[in-house]
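Subject: A structure for you to explore

Hi there,

Here is the structure I promised to pass on to you. Have a look at it first, and then read my notes below.

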Amino acid sequence: MRIRTALASFAIFLVPAVGFAASSSMFTADKPVTRSAFLEQAVKAFGIPAPETTVSLPYRRVPQNLSDTLQRAQSRGALAVFGSNLDAGKNITLGEAVQVLAALGQFPPTHTGVLFRDVPAANTNLVRAVAIALEKSWVTPQSKLLFGTKNQLKGTEAELLIRKASGLAVPVVVPAKSGETPTSQTIRITLGTKGQSSSSLPKEALLQTLWKLIQDEYLYEDNINSDAAAYAAAAAMMQSLGDPYSIFMKPVDSREFQSQFDGSVTGIGAQVEYVDGFLTIVTPLPGSPAEKAGLQPSDQILSADGVSIVNIGFYDAVEKIRGPKGTSVKLRIRRSGSEFDVTVERAAVVVPEVDISWQGKVAVVKILQFGTTTDTKLRGVMMKIEEQKPQGIILDLRNNPGGLLHAADQVVSNFVPLGTTVAQIRSKNSLRNETTDQQPTVDAATPLVVLVNGGSASASEIVAGALQDTKRATLVGQKTFGKGTVQEVLQFNDQSAIKMTVAEWLTPNGRHINKLGIEPDIAVEDAAAQLSKALELIINPAPAARTR
């Protein structure tokens with residue numbers, strides 16, 4: 001399973017800390033992909049901007065929901081393969097797909113001596129696209145004589161092709177073992193190379209020799225556990241990166257990690273990250289045991305039940321705090337240089353997402369994390385709010401640690417025009433724009449104020465930065481957390497997984513926020529005063545310029 005994230009560390013025993021930009025698979029794995037679906041995902045993957053002027057399309061009728069995608073694709077000449085009849089619902093073939101991708105990527109002409117029976121020399125566009133696909137290893141030909149141009153692409157094949165062509169990280173499907181029911185896509189990572197091949201395991205001979213010596217000579221044979229050894233080595237490899245947001249997860253941790261986005265977890269109810277060897281509170285959940293115990297953002301947890309958890313690794317620290325529902329754990333807390341003990345009762349914690357309230361005619365939309373509920377249901381909620389013609393809207397992102405990147409896109413899409421840039425995503429090999437893909441639900445004239453504080457992180461900062469840069473909203477409160485990197489979660493066939501930093505994001509105007517945060521337009525320290533200020537800006541708007 002691959003999830004694109006804008007996240008920090010996650011409290012596996014709690015809830016995700018700072019921002020998870022997860023994106024699900026582009027298509028249904030074993031179903032054919034239509035031309036329209038392929039075009040939509042390919043245009044997004046390449047980050048094709050909207051043309052400055054309207055582009056003439058070669059079709060009589062264009063579905064409204066496809067207009068923007070087709071405009072972008074046509075600006076690169078990517079629709080030529082379909083002639084005068086798009087037939088959007090028709091399944092796309094491999095030959096059509098490589099021609100679309102070659103055009104979108106504007107790859108330079110290439111030549112190859114390889115000929116196939118199903119690639120007519122007279123079809124110069126197809127010949128060129130096939131040559132590019134072979135040169136760049138997008139696909140493997142069907143055989144020595146056939147490229148496979150007429151083969152309809154299924155979801156997994158189409159996604160892999162788009163990812164390879166656009167430079168995104170590439171998953172390879174690993175079939176489930178006999179008798180297993182595949183509940184998610186599992187992957188094997190195809191490692192890229194830089195210069196000479198670097199895909200071999202570092203110190204492979206040393207590690208193999210060490211493992212053989214353990215098996216042959218180690219006295220306490222019952223202590224030898226191959227799975228534990230492999231997982232420890234994988235964890236150490238990720239830890240060697242020195243990146244607190246890149247970690248390895250054993251199967252049990254991976255399963256609990258995935259469940260966090262479904263809305264329920266077990267623990268003390270605080271979102272945490274691992275910073276410089278310290279398990280650190282990002283924010284306690286509203287109504288959680290952690291909040292009731294008085295835990296606050298930036299608190300460092302030094303020990304659990306008298307056992308130090310400093311510098312022992314993220315998951316080892318987490319394990320010390322975990323425990324059955326109804327039991328208690330005594331935590332040693334460091335806050336602003338002072339240390340004290342707090343006893344917290346463990347509980348099953350329901351992770352809330354969206355809470356709607358009204359202050360007179362002003363709608364207050366509080367988002368506590370960007371999970372599946374926000375991703376799939378918020379737009380419907382916003383439509384109902386718009387039907388009531390609010391005097392203004394307050395978007396409360398305080399103490400929101402982030403979540404799914406696509407959910408952040410969906411939030412922003414309610415307030416800005418279709419195709420608006422939400423963030424710039426800079427990966428190792430590319431820079432692309434993340435843009436909204438739906439029409440706004442809220443009238444552009446409706447005043448919007450966004451509340452932020454030091455617990456607003458990652459996906460929250462993406463939303464705040466986008467609405468600030470586009471001048472759609474006024475930001476009120478405190479400087480945000482400063483989480484500006486993007487992680488992907490890659491799940492393997494044994495259900496273990498890694499979460500690895502693969503990119504960083506910038507605001508639409510190119511502002512870096514990692515470790516810097518976003519400054520509000522109007523700084524207000526007191527939490528109650530922040531809401532009051534937001535209401536004042538909406539009910540009694542002043543013509544004065546923003547102060548930053």
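One term before we start: a crossing of two helices is right-handed if the near helix is turned clockwise from the far one by less than a right angle, and left-handed if it is turned anticlockwise. Please keep in mind that this is a predicted model.

With that term in hand, take helix H12 (residues 405-413) and helix H13 (residues 459-469). H12 passes H13 in a right-handed crossing. Their axes lie 9 Å apart, at an angle of about 30 degrees. Angles under 35 degrees count as roughly parallel, and H12 and H13 are therefore roughly parallel to each other. On the H12 side, the contact is made by Leu405, Ala408, Val411 and Val412; H13 brings in Ala459, Ile462, Val463, Ala466 and Leu467.

Next, the nonpolar cores. The largest one has 45 residues, and Phe38, Leu101, Leu104, Trp138, Phe147 and Leu161 are those with the most contacts inside it. Helices H1, H2, H3, H4 and H5 each give two or more residues to this core, with the largest share, 8 residues, coming from H3. Apart from it lies another core, of 38 residues, including Leu378 and Ile385.

Finally, there is an open sheet of 6 strands with mixed pairing, in the order E13-E14-E15-E18-E19-E22. E13 and E22 stand at the edges with a single partner strand each, so one side of each has no neighbour in the sheet. Strands E14 and E15 run parallel and are joined by 5 bridges; in this pair, Val364 stands opposite Ile394 of E15.

Enjoy exploring!

Methods: Residues are numbered from 1 along each chain as its sequence is written. This is a predicted model: local features need pLDDT of at least 70, side-chain atom pairs count only at pLDDT 80 or more; totals for chains, interfaces and linings use all residues. Side-chain values use heavy atoms; hydrogens and water are left out. A nonpolar core is a set of buried Ala, Val, Leu, Ile, Met, Phe, Trp, Tyr and Cys residues joined through side-chain atoms within 4.5 Å. Buried means under 20% relative accessible area, exposed over 50%, partly exposed in between (1.4 Å probe, protein chains only). Helices (H or I, at least four residues) and strands (E, at least two) are DSSP runs, numbered from the N terminus. Two strands pair if DSSP finds at least two bridges between them. Axes are lines fitted to C-alpha atoms, for helices over the stretch in contact, and angles run from 0 to 180 degrees between N-to-C directions. Angles under 35 degrees count as roughly parallel, over 145 as roughly antiparallel, 65 to 115 as roughly perpendicular and the rest as oblique. Contact means heavy atoms within 4.5 Å.
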